[in-house]
Amino acid sequence: GNHTEPKFILLGLTDTPWAQAPLFGLFLLIYVVTLVGNIGLMVLVRVAPSLHTPMYFLLTHLSLADVCYSTIISPKMLTDLLFGNKTISWAGCVAQFHLFALFATAECHLLAAMAYDRHVAVCHPLSYVTAVSPRACWLLVAWSYLVASLSALVYTGCTFGGSFCGPRRVDHFFCDASPVLRLACSDTRGSEVAIFALAAANGLGTGAAILLSYGRILHAVLGMRSAPGRARAFHTCASHLASVSVFYGTLFFVYLQPASRHGSRDKVASVFYTVVSPMLNPFIYSLRNKEVKAALGKCRRRM
């Protein structure tokens, strides 16, 4: 009868009182822009027949992953900044980390699928229809979520499978693997190795596929005879690679380093792949394209 559910305390980004309100305003703005940009893109692709192509099909799933894992992180962070109630239940902490791991891993594989789509479109345009057919797109998406689901189960089991004692004060703004494992009473070396190995397999595998695809795209672009077309394609590839670099660079910084080197800088890096990257993706990958601008113009004229 005296049993109470164990809870964690999220220490957040900062404990400085005067910084809470500005951070709340900043992250609220970023979250609203993330929702508007990604949900707006999904709706636009749905209603515009000109966007019913493999590239935008994959982009809608990327936007869905961005909305989901941003929503898993941002609302809790915003309420903590606004009200100062930084406790989270054991079940809530497990669910938050599990869903975050699922959608973040799915995003890595979706980015690799999008890079493959662009590689085929630029380097093998004659075989594009057969290589990136609707069935192939669904298989790529299904593979992304299958691998992400299995990986998330392993991540969650390794992170929360041990015993915890003492004050459960998580030095982070959400329940992430490294700060939670630091609170464990049991030996966590096996769990840390398993998380590191699986994160390396997912991150380095998809990262290598992306770099290889864009490397071949850049090689094909440099061989173009049209200078304006070459410049436009190079600019598009550069913006895509910049977005991927921000996401993967901060992700690797947090997950592919020894446990002894984790510290307060992890929070800053985590902000980029959990909050900033989901906001930037719809602008970098779609809203700058002529097809999307034309579809927005048609929708505006209809309204």
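First, the ground rules. Residues are numbered from 1 along each chain as its sequence is written, and side-chain values use heavy atoms, with hydrogens and water left out. Because the model is predicted, local features need pLDDT of at least 70 and side-chain atom pairs count only at pLDDT 80 or more, while totals for chains, interfaces and linings use all residues.

A cavity here is a set of points, on a 1 Å grid over the protein atoms alone, where a 1.4 Å probe fits but cannot get out; lining residues have an atom within 4 Å of a point. Points are joined across faces, edges and corners, and a volume is the space filled by probe spheres set on the points.

How many cavities of 30 Å³ or more are there? The count is 4.

The largest cavity holds about 210 Å³. It has 14 lining residues, and Thr105, Tyr155, Ala199, Leu251 and Tyr255 are the closest to its centre. Helices are DSSP runs of H or I, at least four residues, numbered from the N terminus. At least two lining residues come from each of α3 (90-123), α7 (189-222) and α8 (227-255), and α3 gives the most, 6 residues. By type, the lining has 11 nonpolar residues, 3 polar and no charged. Nonpolar means Ala, Val, Leu, Ile, Met, Phe, Trp, Tyr, Cys and Pro; charged means Asp, Glu, Lys and Arg; the others, Gly among them, are polar.

Next, the second largest cavity, at about 70 Å³. Its lining includes Asp80, Lys86, His172 and Phe173. Helix α2 (residues 54-83) supplies the largest share, 3 residues. This lining divides into 6 nonpolar, 4 polar and 2 charged residues.

Conventions. On a 1 Å grid over the protein atoms alone, a cavity is a set of points where a 1.4 Å probe fits but cannot get out, and a pocket is an open set with protein on both sides within 12 Å along at least five of seven lines; lining residues have an atom within 4 Å of a point.
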